[in-house]
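Open your viewer and get ready to select residues by number. Each stop below names what to pick and what you will find there.

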Amino acid sequence: MLTGRDGTLAEARAALVRADGAVLIGPAGVGRTALARAVVADLPPRLFATVWITATEASKEVPFGALGRLLAGGHPALHPALVHSTMLTSLVERCGPARTPVLVVDDAHLLDGPSAGVLLGLVQARAVRALLTVRSGVPVPDAVVALWKDVGLSRLVVPALTEAEVGALAAERLAGPVSRSTTHLLWQWTGGLPHLAVALLDHGQEVGSLARDSDQWRWRAGLAVPAQLADLLDRELDRVGRPGEEALAAMALGGPLPLPVAEAAASAELLADLEQLGMLRSEQRGDEVLVRLRDPMLGAAVRRRMSPARRRRIAATLLTGARQATPRGSHAVARALWAVHAGQPVDPPELVRSAGLCLYADPEASEQLARRAWQEGGGASAAVALSAALAEQGRAVEAYETLRTAARDADAAGDPTARVTVGVALAAHRLWVGREPRQAYDDLRRLRAEADAAGDSAGRAELAALGVLVQLFSGESAGVLASARQLLGESLPRGARLRVMLASVVALVLAGRTEEAVRVGRTVVEAVERSGSSAMPQIRGMAGAALALAELWRQPTPTGPVTDPATGRWPLPPDPLVSGLSPTAWPLFDGYAQRVSGDRAGAISRLRDAVAQQAGGNGMFRAEATGWLAVTLAEDGRPDEAESVLREHPVDAVALVPGLRPWALAAVAAATGRRARAGELMDEAIVVAHASGSWLVELGYLIYAAHLDPVAGPARYADRIAEALVHVDAERLVAAGRAVIALAGRDPTVILEHAHRLVDMNMTGEALKVAGEVGRRAGVTDTVRLAVDLRARLRSAVRDDPARVAGLTARERQIAGLAARGLSDREIAEALVLSVRTVQTHLGRAYRKLAVTSRRDLSDALRPAG
């Protein structure tokens with residue numbers, strides 16, 4: 001419970017020993033009482049004696065109520081003028097004449113006026129040292145305020161825990177490492193309040209929501225209110241009264257609400273009071289002010305108390321307020337959900353659209369919307385939306401049966417358009433859920449013939465677009481480029497055109513044409529952004545991922561996409577009105593980027609999250625997550641774990657990256673000393689990549705294979721690497737390839753130059769491999785000494801640098817370092833010749849990765865351990 005409190009603990013103890021005392025002030029649940037107990041626990045007993053009193057709501061109603069047990073003869077009968085001297089006598093009796101009394105007053109904001117006055121007098125007279133705990137955001141007696149304002153007690157703010165501190169608390173409580181995604185969830189769910197975090201951890205272990213997955217603890221379920229917290233939160237809700245709870249219920253049902261909508265559900269004065277009490281908070285987002293609950297745990301507690309009738313009434317109020325206060329297109333998902341809760345009619349197409357928008361952030365809400373649409377006669381499109389929501393929840397059989405029922409309905413109605421719509425969905429189900437890309441492609445070819453016969457041009461376009469995606473995820477990048485070139489020359493509906501374009505972006509990356517991929521990718525992203533922030537989530541997510549993959553190989557500071565922390569299913573931020581959680585770095589990309597940079601520990605942690613997230617639903621990147629994790633584990637000397645990952649999550653036929661399986665098996669073989677077998681498997685992976693036209697992947701495999709045999713490998717693969725370099729413009733991978741060619745040339749000075757080049761490209765792992773070979777090429781020379789020194793520095797950096805462990809890019813480390821020294825955003829921008837917005841973007845990512853929230857935390861976060 002005291003994780004992250006060392007500094008405050010030391011300050012409070014020093015204030016008691018050297019001065020008159022301290023006041024610990026912070027929000028409810030932040031651990032003020034536990035901290036106060038720790039402060040007095042280690043005071044020298046021969047010098048100090050502790051007397052503890054607790055103020056309560058009940059004692060507040062009685063004069064001197066909080067001091068009752070220290071007043072001989074009972075406080076009701078005692079004359080007020082005698083209270084001060086009676087307190088002194090009582091304290092001397094309890095503590096003895098040789099020891100200084102330390103009077104601890106827990107919840108001092110609840111002191112009655114007379115008790116607060118006596119406390120002030122005792123401290124002013126230097127009769128006691130005082131340690132108070134006070135809740136922030138609530139009225140406090142004037143005499144208590146005077147203790148820090150006039151008398152000089154140290155006022156120490158006890159903040160909520162940072163994300164890193166929640167992670168440390170969880171690791172200590174669970175006696176093992178906790179996944180970063182789980183840490184992020186716990187932190188957001190609890191608002192960093194220690195007692196909520198501890199209760200949630202204990203509850204998760206008890207009911208199985210929190211389980212050990214390989215070497216990490218991971219949360220596997222949704223948010224719940226532990227029994228040990230239910231009463232506490234209920235008492236807190238009871239104190240705000242019926243109007244206050246109604247306002248909180250609106251927030252709990254609606255998520256973050258635009259201020260005008262919130263004011264339609266509750267008066268501005270009531271909202272201000274609830275914010276003052278710390279139960280609501282507001283934030284500026286663009287031109288909008290959003291009002292949200294203190295933390296999701298409070299929302300879960302409010303929803304638990306909400307009857308169906310109350311839910312219906314509040315939803316109707318929110319819907320009315322939204323119609324009056326915001327444009328029709330804004331917050332579409334929330335509007336649709338409120339209409340469903342309120343029992344009001346909604347057009348099935350609107351329900352289907354909203355179900356698609358929240359599919360990846362909240363598949364349960366998506367199911368609710370799609371099921372209502374199907375019940376209201378939404379037809380094939382509603383059935384497809386419902387099937388997708390069921391599949392995302394891992395209910396594959398229900399998803400398939402839903403589509404089969406819709407197919408029978410389309411046949412019975414003789415509706416060719418509906419048949420194509422359902423047929424596309426069945427082919428997609430066969431691809432993503434069944435993991436059968438070849439069969440899915442055959443289904444699409446049959447359906448295209450039917451669409452041609454029916455003259456259904458829109459259906460034909462959708463089938464063609466999905467066909468390109470099937471090719472892409474079958475490892476056929478050259479075929480994708482040819483198909484995309486042909487289709488983009490035709491007249492396609494906007495959605496189909498965007499899907500074909502984004503498939504071509506990924507294929508261009510795999511082909512090694514990253515500059516062109518970035519150009520096309522930005523065009524797709526801009527087109528999707530113009531459609532609205534949450535439009536077409538599948539296209540938006542894929543476009544962001546494709547662009548990030550292209551930039552990963554072009555610059556040492558790639559910009560990774562973000563995702564919903566609860567699902568991690570897609571690299572895009574969710575509609576804030578759906579999940580209410582802030583986005584986090586996408587584990588799949590984050591882990592791969594850390595692997596490329598040489599941070600195996602960070603990569604393994606993030607890729608474990610990615611494997612868990614991709615294992616369910618339509619896990620498009622399941623093979624990549626598994627393959628990359630297995631390779632990284634093997635490289636880290638953990639082949640048994642790598643084999644276990646491959647057994648539990650086999651690399652199947654649905655993969656963007658060709659040759660993943662033989663590469664992973666080669667890494668395991670190399671880690672177990674079977675070098676010859678590893679070489680054979682890498683040659684197999686190289687052949688597969690070459691056949692698919694994936695020059696970038698082939699170059700990566702050639703570099704990997706060359707390093708398997710440091711003596712003969714570079715010479716064996718140098719010519720083939722040189723051939724691949726002609727086709728690849730990915731600067732970081734090109735640098736690694738040229739380094740292997742330099743190894744084949746055996747000139748130590750040239751090799752060392754390439755090692756430094758790799759360091760500049762933020763590829764520490766590759767630099768280590770290259771620098772390690774310098775000693776093989778010559779005797780003890782200055783060049784060798786420099787190489788040894790470089791290796792030592794690189795190993796130390798990987799092991800000890802918190803920025804590298806957290807996965808910060810070179811630019812993020814640079815900007816975070818300047819910010820930690822006190823430079824403003826504008827000063828950093830001028831120093832680095834960047835825009836202020838760019839500085840703020842990089843600094844925001846650094847905050848998220850380091851799990852800090854302000855500049856004052858950066859220095860500690862960036863300081864190496866020890």
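A residue is called buried when its relative accessible area is under 20%. Keep that cut-off in mind at every stop. Also remember that this is a predicted model.

**Stop 1: helix 2**

Select residues 32-41, which form helix 2. Which residues of helix 2 are buried? They are Arg-32, Leu-35, Ala-36, Ala-38, Val-39 and Val-40. Now show the surroundings. The cover over these buried residues includes helix 1 (6-18) and strand 1 (21-26). It also includes strand 2 (48-54), strand 3 (100-106) and strand 4 (129-135).

**Stop 2: the whole chain**

Zoom out. The chain has 45 helices and 12 strands. It has 866 residues, and 56% of them are buried.

**Stop 3**

How many disulfides does the structure hold? The count is 0. Select Cys-95. Cys-95 counts as buried because its relative accessibility is 5%. Then select Cys-358. Its relative accessibility is 0%, so Cys-358 counts as buried.

**Stop 4**

Go to Ala-175, in the loop between helix 7 and helix 8. Its phi is near 55°, a positive value in a residue other than glycine. Is Ala-175 buried or exposed? Ala-175 counts as exposed, because its relative accessibility is 64% and the cut-off for exposed is over 50%.

**Stop 5: helix 9**

Select residues 194-207. This is helix 9, with 14 residues. From the first C-alpha to the last, helix 9 reaches 20 Å, close to the 20 Å expected at 1.5 Å a residue. Color its buried residues: Pro-194, Leu-196, Ala-197, Val-198, Ala-199, Leu-200, Leu-201, His-203 and Gly-204. What do they pack against? Show helix 7 (163-174), helix 8 (180-190), helix 10 (227-239) and helix 14 (296-304), which are among the partners. Then step past the end of the helix. Gly-208 follows helix 9, and its phi is positive, near 90°.

**Stop 6: Val-225**

Move to the loop between strand 7 and helix 10, where Val-225 lies. Val-225 has a relative accessible area of 17%, so it is buried. Draw a distance from Val-225 to Leu-196. Their C-alpha atoms are separated by 9.4 Å, and the two residues are 29 residues apart along the chain. Leave out residues up to four places away in sequence, and Val-225 touches Ala-230, Leu-233, Met-297, Ala-300, Ala-301 and Arg-304.

**Stop 7: Thr-320**

Select residues 308-325 to show helix 15, the place of Thr-320. Thr-320 counts as partly exposed because its relative accessibility is 38%. Draw another distance, from Thr-320 to Val-261. The C-alpha atoms are separated by 8.6 Å, and the residues are 59 residues apart along the chain.

**Stop 8: Ala-380**

Select helix 19, residues 379-392, and find Ala-380 in it. At 17% relative accessibility, Ala-380 counts as buried. Which residues does Ala-380 touch, not counting those up to four places away in sequence? They are Ala-418, Thr-421 and Val-422. Ala-380 and Ala-418 are 38 residues apart in sequence, with 5.6 Å from C-alpha to C-alpha.

**Stop 9: a pair of packed helices**

Two packed helices are described by the angle between their axes and the distance between the axes. Select helix 35 (residues 713-725) and helix 36 (residues 731-745). They pack at an angle of about 145°, and their axes are 8 Å apart. Helix 35 passes helix 36 in a left-handed crossing. On helix 35, show Pro-714, Ala-715, Ala-718, Ile-721, Ala-722 and Leu-725. On helix 36, show Val-734, Gly-737, Arg-738, Val-740, Ile-741, Leu-743 and Ala-744. These residues make the contact. By class, the contact has 11 nonpolar, 1 polar and 1 charged residues.

**Stop 10: Asn-762**

Finish in the loop between helix 37 (748-760) and helix 38 (764-772), where Asn-762 lies. Asn-762 is not a glycine, yet its phi is positive, about 60°. Is Asn-762 buried or exposed? Its relative accessible area is 4%, so Asn-762 is buried.

Technical notes:
Residues are numbered from 1 along each chain as its sequence is written. This is a predicted model: local features need pLDDT of at least 70, side-chain atom pairs count only at pLDDT 80 or more; totals for chains, interfaces and linings use all residues. Side-chain values use heavy atoms; hydrogens and water are left out. A disulfide is a pair of cysteine sulfur atoms within 2.5 Å. Buried means under 20% relative accessible area, exposed over 50%, partly exposed in between (1.4 Å probe, protein chains only). Axes are lines fitted to C-alpha atoms, for helices over the stretch in contact, and angles run from 0 to 180 degrees between N-to-C directions. Helices (H or I, at least four residues) and strands (E, at least two) are DSSP runs, numbered from the N terminus. A crossing is left-handed if the near helix is turned anticlockwise from the far one by less than a right angle, and right-handed if clockwise. Contact means heavy atoms within 4.5 Å. Ala, Val, Leu, Ile, Met, Phe, Trp, Tyr, Cys and Pro count as nonpolar, Asp, Glu, Lys and Arg as charged, and the others, Gly among them, as polar. The expected span of a helix is 1.5 Å times one less than its number of residues.
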